[in-house]
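These are my notebook entries on one chain.

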Amino acid sequence: MSEFAIDEMYASLGISREVYAFGKRAEEELKERFARIQETCEYNQLKVIRAMQECRVSAECFQSGTGYGYNDCGRDVLEEVYAHVFHTEAALVRAQITCGTHALAVALFGNLRPGDELLSISGKPYDTLEEVIGIRPSRGSLAEYGVTYRQVDLLEDGSFDFEKIRQAVTPATRMVEIQRSKGYQTRPTLSVDAIAKAIRFVKDIRPDILVLVDNCYGEFVECAEPSDFGADMTVGSLIKNPGGGLAPIGGYIAGTKECIENAACRLTTPGLGREVGASLGVNRSFFQGLFLAPSVVAGALKGAIFAANLFERLGFRVVPDGKEERHDIIQAVEFGTPEGLTAFCEGIQAAAPVDSYVRPEPWAMPGYDSDVIMAAGAFIQGSSIELSADGPLKPPYAAYFQGGLTWEHAKLGILKALQYLCGRGIVNREDL
Ligand SMILES: *Cc1c(COP(=O)(O)O)cnc(C)c1O
């Protein structure tokens, strides 16, 4: 046995030979799928490089404005690059957009007026949007400003309910919202193809209805984005996929010139719009993160598929299953017991480059009706493009996990999680 043998290295990180070998067998069967992920990655990498070349990104772009931020050239070129990548007229990409929820709120508030109705056609939106919209009463919601809300749930099989959508559109309908990723629901994630069909359907009813797509966790998973099929606004967080793990904050909105101007006038002020907002030193990490994003997303996808296959073999229910096509980077594994969920999260934490020595503990997180356990040893707080896992301590005791800036780290995290499950007697050696 060579001193540099990889199984020895895994052993030194606490992965037993049995667990390593089990993982290796699963990985070998995924060669073809991994090759297809690499093809998508290659396409998206070229797309990003081409956009950067077309927009003449230069070293000056990494300089940062201060104060008002007039003529912050790096910021303006970055927004142009995003518009090229998403094939839209314009984009708003700012450090002043504090997170994905904020980007969505800016897009909604900027483009809706009192008396307008917002219609979600992919069922209940992401938790944090409930207070933005006013589904749950809250200070300053769209509801307080006289914007009404309706929703059409997806059908049992996770597809759009076109009949109900047609019935729900009224003369007041100003905007339709579609959420690509399932978030923390059990429905399937929507493919870009399915979203494209829904956009066409809505525009056929009335072309002036705006379509907003919550693209969180979906960027670069496929070769196309919802913006390629007529979405007026495509919105996401920079501490997820498009930030490539390097963006320390931020969100983006890519869309029509009209919608982006409206959003900018909400983000800053009427009259000032996109002209102000100094980039404060983040330009290079935004550019470089976007450059890395296609391969970071590919690594995270491999991790999700690897985990699905590994835990499926051991008899756990996994969503999506080991064979399904992927449209986002989230993987759920149901453990059925609090001990299983806890062991999994502890394993993910123990494999992290940061805070590997702390043990995650379930806690009563605001807004949840049960304790939640979270594992994250991240360089950027709350970054879920980095390897992270969480889950509420209630049946079916599912861990939602995502990310991994590299496939190798995702793999270590998953093997470590399995090792913890073995150590606690939840998975038996004979099952491997
Ligand atoms: C993460 C997420 C959001 C909100 O993003 P934050 O950055 O956490 O505010 C919105 N929608 C979906 C589908 C998400 O996954």
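**Entry 1: α2 against α10**

I looked up the axes of helix α2 (residues 17-28) and helix α10, and found that they come within 10 Å and cross at roughly 120 degrees. The model I am reading is a predicted one. On the α2 side I listed Phe22, Gly23, Arg25, Ala26 and Glu27, and on the α10 side Phe306, Leu310 and Arg313. By class, I recorded 4 nonpolar, 1 polar and 3 charged residues in the contact of α2 with α10.

**Entry 2: α3 against α10**

I then turned to α3 and its approach to α10, which spans residues 283-313. Their axes come within 9 Å, and the crossing is at roughly 170 degrees. I therefore wrote down α3 and α10 as roughly antiparallel to each other. From α3, the contact draws on Arg33, Phe34, Ile37, Gln38, Cys41, Asn44, Gln45, Val48, Ile49 and Met52. These meet Phe287, Leu290, Phe291, Pro294, Ser295, Ala298, Leu301, Lys302, Ile305 and Phe306 in α10. I sorted the residues of this contact into 14 nonpolar, 4 polar and 2 charged.

**Entry 3: α3 against α4**

Next I took helix α3 (residues 31-54) with helix α4 (residues 73-85), whose axes come within 9 Å and cross at roughly 135 degrees. That angle makes α3 oblique to α4. I recorded the crossing of α3 and α4 as right-handed. Here Lys47, Val48, Ala51, Met52 and Glu54 of α3 meet Val81, His84 and Val85 of α4. I counted 5 nonpolar, 1 polar and 2 charged residues in the contact of α3 with α4. Val48 and Met52 of α3 are also listed in the contact with α10.

**Entry 4: the two domains**

I checked the domain assignment, which gives domain 1 as 3-43 + 291-431 and domain 2 as 67-285. I found the C-alpha centres of domain 1 and domain 2 to lie 29 Å apart. Across the boundary, 26 residues of domain 1 are in contact with 25 residues of domain 2. How much area is buried between domain 1 and domain 2? I noted about 2,300 Å², with 65% of that area given by carbon and sulfur atoms. His327, Asp328 and Ile380 supply 25% of the area that domain 1 buries against domain 2, more than any other three residues.

**Entry 5: backbone exceptions**

I kept in mind that most residues other than glycine have a negative phi, and that most peptide bonds are trans. Which residue has a positive phi although it is not a glycine? I found asparagine 71, with a phi of about 50 degrees. Asparagine 71 sits in the loop between α3 and α4.

One joins valine 319 and proline 320, with omega of about -5 degrees. I placed proline 320 in the loop between β8 (317-319) and β9 (331-334). The other joins proline 395 and proline 396, with omega of about 5 degrees. I placed proline 396 in the loop between β11 (388-392) and β12 (398-402).

Terms used
Residues numbered from 1 in each chain as written. Predicted model: local features only at pLDDT ≥ 70, side-chain atom pairs only at ≥ 80, totals over all residues. Heavy atoms only, no water. Axes fitted to C-alpha atoms, helices over the stretch in contact; angles between N-to-C directions. Helix = DSSP H or I, 4+ residues; strand = E, 2+ residues; numbered from the N terminus. Parallel < 35°, antiparallel > 145°, perpendicular 65-115°, else oblique. Left-handed = near helix turned anticlockwise from the far one by under 90°. Contact = heavy atoms within 4.5 Å. Nonpolar A, V, L, I, M, F, W, Y, C, P; charged D, E, K, R; others polar. Domains from an automatic or database assignment. Buried area = accessible area lost by both parts, 1.4 Å probe.
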